[in-house]
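Work through the following exercises with the sequence and the 3D view side by side. Each task is followed by a solution that goes step by step.

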Amino acid sequence: MKENSKKMMNYEEKEYHAANGWAMFFVTLLIMLGGLALTIWGAAISTDEEPAPVVFIGIILIVFGWIPFLGLKIIRPNEALVLTLFGKYIGTLKQEGFFFINPFCSAVGGGKLSLKTMTHNNEKQKINDLSGNPIEVGIVVTWRVVNTSKAMFNVQNYSKFLSIQADTTLRDVARCYPYDSTDSDEKTLRGSSVEVSERLKELLQERVEVAGLEIIEARIAHLAYAQEIAAAMLQRQQATAIIEARQKIVDGAVGMVEMALKKLNESQICELDEERKAQMVSNLLVVLCGNKDAQPIVNSGSIY
């Protein structure tokens with residue numbers, strides 16, 4: 001049972017060598033015209049008692065001579081014809097042009113198979129990220145068929161198979177990353193789009209290999225917090241941005257105060273005791289860290 005299953009999942013594509021369609025077209029046309037000519041000539045030379053044998057030959061040629069027309073096929077660029085003969089796979093015709101195949105062959109799927117590069121855009125779905133936050137994610141996949149026998153025989157419908165595998169792959173990958181992070185070194189769905197796309201492509205390629213598909217690109221097309229937490233997460237992002245900005249302002253202000261005290265000490269403009277230094281530091285920090293412009297107060301007397 002396992003050996004048969006493994007054999008079914010490993011169809012190797014075979015090239016079908018078809019004859020020139022124009023040559024067979026003219027040969028078949030000559031057969032039909034020859035049968036018509038024999039029928040007319042035989043009727044002319046026949047007697048009332050016994051018709052000429054050529055009449056029967058002409059009728060047979062007319063009745064069966066059109067069958068080769070069923071084997072004439074036109075293949076356009078980036079199209080393929082997967083052929084079976086009495087249920088057995090005999091090959092795939094990929095060359096563009098006008099060809100003649102066995103009239104008794106049938107095309108799998110009822111027609112031609114497109115080999116063009118196609119884009120599949122799945123609807124957005126709700127997934128929990130690594131932090132457990134519900135997010136809405138959508139995926140877009142660029143793909144094409146590279147093994148026609150696997151695409152037609154290994155899966156029921158390769159396009160639906162791709163759609164389902166793209167959804168499950170997106171869920172598996174999205175759960176491994178947070179939507180966003182304050183740590184600049186941590187990979188996130190929003191900030192590490194290249195890494196996430198590569199992981200989506202590799203994992204999806206492994207899953208659709210059985211269907212003979214090649215994943216050219218797989219990337220996130222839509223990414224947002226779910227509606228029930230979108231407002232709260234926006235407030236958190238704003239608060240985080242304000243805190244980071246304040247930290248930079250404070251760091252800069254402390255550095256400027258330190259530099260001012262150092263310059264005053266080196267230039268010996270005035271000597272300040274510890275109490276006056278503390279007051280100066282407090283005033284400078286208020287000026288440098290305040291949200292509004294400071295209002296200067298001129299002191300004409302002694303600072304002591």
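**Exercise 1. Find which residues Ala 224 is in contact with, leaving aside its neighbours within four places in sequence.**

Solution. Begin by locating Ala 224, which is found in strand β11 (residues 213-225); helices (H or I, at least four residues) and strands (E, at least two) are DSSP runs, numbered from the N terminus. Contact is taken as heavy atoms within 4.5 Å, and with the neighbours within four places set aside, Ala 224 is in contact with Ile 135, Glu 136 and Tyr 179. Next, compare sequence with space: Ala 224 and Val 137 are 87 residues apart along the chain, while their C-alpha atoms are separated by 6.8 Å. Finally, Ala 224 counts as partly exposed, at 22% relative accessibility, where buried means under 20% relative accessible area, exposed over 50%, and partly exposed in between (1.4 Å probe, protein chains only).

Before going on, note that this is a predicted model, in which local features need pLDDT of at least 70 and side-chain atom pairs count only at pLDDT 80 or more, whereas totals for chains, interfaces and linings use all residues. Residues are numbered from 1 along each chain as its sequence is written, and side-chain values use heavy atoms, with hydrogens and water left out.

**Exercise 2. Describe helix α3 and work out where its buried residues lie.**

Solution. First take the length: α3 (residues 53-64) has twelve residues and reaches 17 Å from its first C-alpha to its last, close to the 16 Å expected at 1.5 Å a residue, the expected span being 1.5 Å times one less than the number of residues. Then pick out Val 54, Val 55 and Gly 58, which are buried in α3. These residues are on the same side of α3 because they cover an arc of only 105° around the axis, an arc defined by the directions from the helix axis to the C-beta atoms. The face turned away from that buried side carries the exposed residues Pro 53 and Phe 64.

**Exercise 3. Examine Asn 78 and Phe 86, each with a positive phi although it is not a glycine.**

Solution. Asn 78, with a phi of about 60°, lies in the loop between β2 and β3 (79-85) and is partly exposed, with a relative accessible area of 45%. Phe 86, with a phi of about 55°, lies in the loop between β3 and β4 (88-93) and is exposed, with a relative accessible area of 73%.
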